[in-house]
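Here is a short tour of the fold, written to be read with the model open beside you.

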Amino acid sequence: MACSPMCRIVTLPDAGTGNGPAHGADNGQAAHFRALEQLYASAPVNSLFESSLEVTAAGLARITFEAREAYYHAAGAIHGTLYFKMLDDAAFYAANSLVSDRFLLTTGFNLHFTKPLRGGKVVAEGRWISGKRRVFIAEAHLVDEEGDEIGRGTGTFMRSHIALSGLDGYRQPD
């Protein structure tokens, strides 16, 4: 089996912690994933950066978007803002897929640009790395339509006092 640059063996948080969807049934986990996808879609910032989120499994998230000329910096390539946003979001949702009661907050993010991007379809893949209770670490990478990595990053995310259930966008799809 081929392994992407993000391939790693990780142990998901214990099912008995009460901190994530593993605590409930598979239906509850799937409902949590779909509600996170709706939360992402409802964020006003995503009207500026058209993209879609798919939480593919506990600890894994994928964002797909089209890099357009509107996102260029003065030298004719995609501005780092887009790299950061998509990497942070992919890592964040990978981590928050493991927490079904609280919204996580990004407390730090380390970003590496590996290739300039001029446009086309891009995929950001996020993967939870560690943390089971209050602080989570997740990584993400960006891949262009040729399959080349164009950026990667690692983030630290902390449980907030904000209940997911209290956020308007956190709901099942219509």
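Six strands form an open sheet in the order E1-E2-E4-E5-E6-E3, with antiparallel pairing. Because E1 and strand E3 (102-113) stand at the edges with a single partner strand each, one side of each is left without a neighbour in the sheet. From one strand to the next, the twist averages 25°. Strands here are DSSP runs of E with at least two residues, helices are runs of H or I with at least four, and both are numbered from the N terminus; two strands pair if DSSP finds at least two bridges between them.

This is a predicted model: local features need pLDDT of at least 70, side-chain atom pairs count only at pLDDT 80 or more, and totals for chains, interfaces and linings use all residues. Residues are numbered from 1 along each chain as its sequence is written, and side-chain values use heavy atoms, leaving out hydrogens and water.

Angles run from 0 to 180 degrees between N-to-C directions, and axes are lines fitted to C-alpha atoms, for helices over the stretch in contact.

| H1 | E1, E2 and E3 | about 165° with E1 |

Along the sequence, the chain follows the pattern α-β-β-α-β-β-β-β.

Key:
Contact = heavy atoms within 4.5 Å.
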